[in-house]
Amino acid sequence: MAMFFKRFFDEKLAQVSYLVGCQVTDEALVVDPNRNLDPYVEAASAEKLRIAQVTETHIHADFVSGARELAQRTGARLLLSAEGGSEWQYQYADEPGIELLHDGSCFQVGKVRVDVLHLPGHTPEHLGFLVTDTAAATEPMGAFTGDFLFVGDVGRPDLLERAAGQAGTMEVGARRLFRSLQRFRQLSDYLQIWPGHGAGSACGKMLGAVPQSTLGYEKRFNWAFSIEDEAEFVRAVLAGQPDPPRYFAQMKRINQSGPRMLGTLRRPPRLPVGKLAELLASGTLVVDTRPAGEYAAGAIPGTLNIPLGRSFTTWAGWLIPYDRDFVLIVDDHRTHRVEEAVRDLAGIGLDRVIAYCGAEVVEAWRTARGQLQTIESIPSQDVAEAVASNRAAFLDVRSLEEWSAGHLPGARNLPLGELDERLNEVPRDQPVIVHCQSGARAAIAASLLFSRGISNVQQYPGGFGDWVAAGRPVEKGEVRGKR
């Protein structure tokens, strides 16, 4: 065999990219790179491979593509889809070094042949890539399926309408997706499936955590292949899709028009406490990335808490405006945390970090300016008593689908991603108890409410999961608080 293969997984984006190399000619191809380019360059160098070509399966909605910059950095050819019609062409496709791909196109990575399939549905321009190691075989070993086919699921066809505002595209996309599946299922069962996302991605509703599969296994156990009627498939694939993060629309625009070149990500300047106070007073957004418990125990008033954990990029994309500079508070005693935060934010196009403060700025604020903001946690029994006496408003910041499936009696649904624009729906005449499923979203929501001057707020950290586990009564179905 002449082929080298390496998978890269970004846990926070639940995103997968790949390096394929020919060990005869030392050429390599990178598929679906994100904006963190160093791992691809370092992996190729370690194998003494030269990145000669870069490609992507489609115009991504959940992260900023690194394909354009990686190609320029390495001198590689950039191979992009020319399918999908005039509205779905890359706006920078006429730049030097770019080659356009169509259904039936074929290109070589040394002895490795890549055949191109147009597989619309998730997006109109979506491509798949069949990979054949011609040094050892005459038929494909596997396929890069991007967001067309996952382990246990298929790409959602509703994002163009629900996230990017392309009205009337959901059903059309679902029908195209069904037909793409019918075409793809004709390929050999042994074909390995190398998808573009894993569990945790919002690009599907039930993605498996297993990194790869085979077409034969998916035909037997993936729900999408079990439905033979097109109308039934359309209903099934559109039902129960999670709310797409608001930033997906930004990603589509950025990736279609051409992501700007970042170059080397630099550590932003460090601010003293006095300068931070000045920026806060002027209205600059300050994002505190410490864990929720630390933030609740003492935080600088007016800051927004988005913990630097697995969901950091998701909620940053929902809640940080793309048209404003902002400052981070990061516990920089932990190695590379500042760089991690800046890199994660850049991965979804939030490039306007102008400075940061270390976590010790919180104690410095207390010393210099007095009282910190605290968020009170309320235990399950007190929540039950508040429900029984109707003495507080209950704010459920889970998705509408979660809320409809079951919620605390009398709870109002304001999903976290919509909360900032629906603040007028938050009661001001009684205490507010905010909760989610298990506490993470509620902590962010409470910080947002405090930062907007709504301070009569308590957090129920156990959330709906704790409420159900205690055997307490649940309401279902009524869509309360929906615009």
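**Figure 1. Helix α1 (residues 38–46) lies across β1, β2, β3 (27–31) and β4 (50–55).** The helix runs at about 155 degrees to β1. The model is predicted: local features require pLDDT of at least 70, side-chain atom pairs count only at pLDDT 80 or more, and totals for chains, interfaces and linings use all residues. Residues are numbered from 1 along each chain as its sequence is written, and side-chain values use heavy atoms, with hydrogens and water left out. Helices (H or I, at least four residues) and strands (E, at least two) are DSSP runs numbered from the N terminus. Axes are lines fitted to C-alpha atoms, for helices over the stretch in contact, and angles run from 0 to 180 degrees between N-to-C directions. Contact means heavy atoms within 4.5 Å.

**Figure 2. The open sheet of 6 strands has the order β1-β2-β3-β4-β5-β6, with mixed pairing.** β1 (3–10) and β6 (98–101) each have a single partner strand and stand at the edges, so one side of each is left without a neighbour in the sheet. From one strand to the next, the twist averages 20 degrees. Two strands pair if DSSP finds at least two bridges between them. Strands of a sheet pair through backbone hydrogen bonds, either parallel or antiparallel. β1 pairs with strand β2 (residues 15–22) in the antiparallel sense, over 8 bridges. K6 stands opposite L19 in β2.

**Figure 3. Helix α2 (residues 67–74) lies across β3, β4 and β5 (77–81).** It runs at about 155 degrees to β4. A67, R68, E69, L70 and A71 of this helix are buried, where buried means under 20% relative accessible area, exposed over 50% and partly exposed in between (1.4 Å probe, protein chains only). The buried residues of α2 pack against β3, α1, β4 and β5. G75 follows α2, and its phi is positive, near 75 degrees.

**Figure 4. Helices α1 and α2 pack at an angle of about 40 degrees.** Their axes are 11 Å apart. This makes α1 oblique to α2; angles under 35 degrees count as roughly parallel, over 145 as roughly antiparallel, 65 to 115 as roughly perpendicular and the rest as oblique. The crossing of α1 and α2 is right-handed: a crossing is left-handed if the near helix is turned anticlockwise from the far one by less than a right angle, and right-handed if clockwise. D38, Y40 and V41 in α1 meet L70, R73 and T74 in α2. The contact residues divide into 3 nonpolar, 1 polar and 2 charged. Ala, Val, Leu, Ile, Met, Phe, Trp, Tyr, Cys and Pro count as nonpolar, Asp, Glu, Lys and Arg as charged, and the others, Gly among them, as polar.

**Figure 5. Helix α11 (residues 312–319) and helix α12 (residues 337–346) cross at roughly 60 degrees.** Their axes come within 9 Å. The angle makes α11 oblique to α12. The crossing of α11 and α12 is right-handed. In the contact, F312, T313 and A316 of α11 meet A341, D344 and L345 of α12. By class, these are 4 nonpolar, 1 polar and 1 charged residues.

**Figure 6. An open sheet of 5 strands has the order β17-β21-β20-β18-β19, with parallel pairing.** β17 (376–377) and β19 (412–413) stand at the edges with a single partner strand each, so one side of each is left without a neighbour in the sheet. Strand β20 (residues 432–435) and strand β21 (residues 457–459) run parallel and are joined by 3 bridges. V432 stands opposite V457 in β21. Helix α17 (residues 440–451) lies across β18 (393–396), β20 and β21, running at about 165 degrees to β21.

**Figure 7. Both faces of β18 are covered.** In a regular strand the side chains alternate between the two faces of the sheet. A393 and L395 on one side of β18 and F394 and D396 on the other are all buried. β18 runs parallel to β20, and 4 bridges join them; F394 stands opposite I433 in β20. β18 also runs parallel to β19, joined by 2 bridges, and D396 stands opposite N413 in β19.

**Figure 8. L423 is found in the loop between α16 (416–419) and β20.** L423 counts as buried, at 14% relative accessibility. Leaving aside neighbours within four places in sequence, L423 is in contact with R428, L448, L449, R452 and I454. The C-alpha atoms of L423 and F394 are separated by 14 Å, and the two residues are 29 residues apart along the chain.
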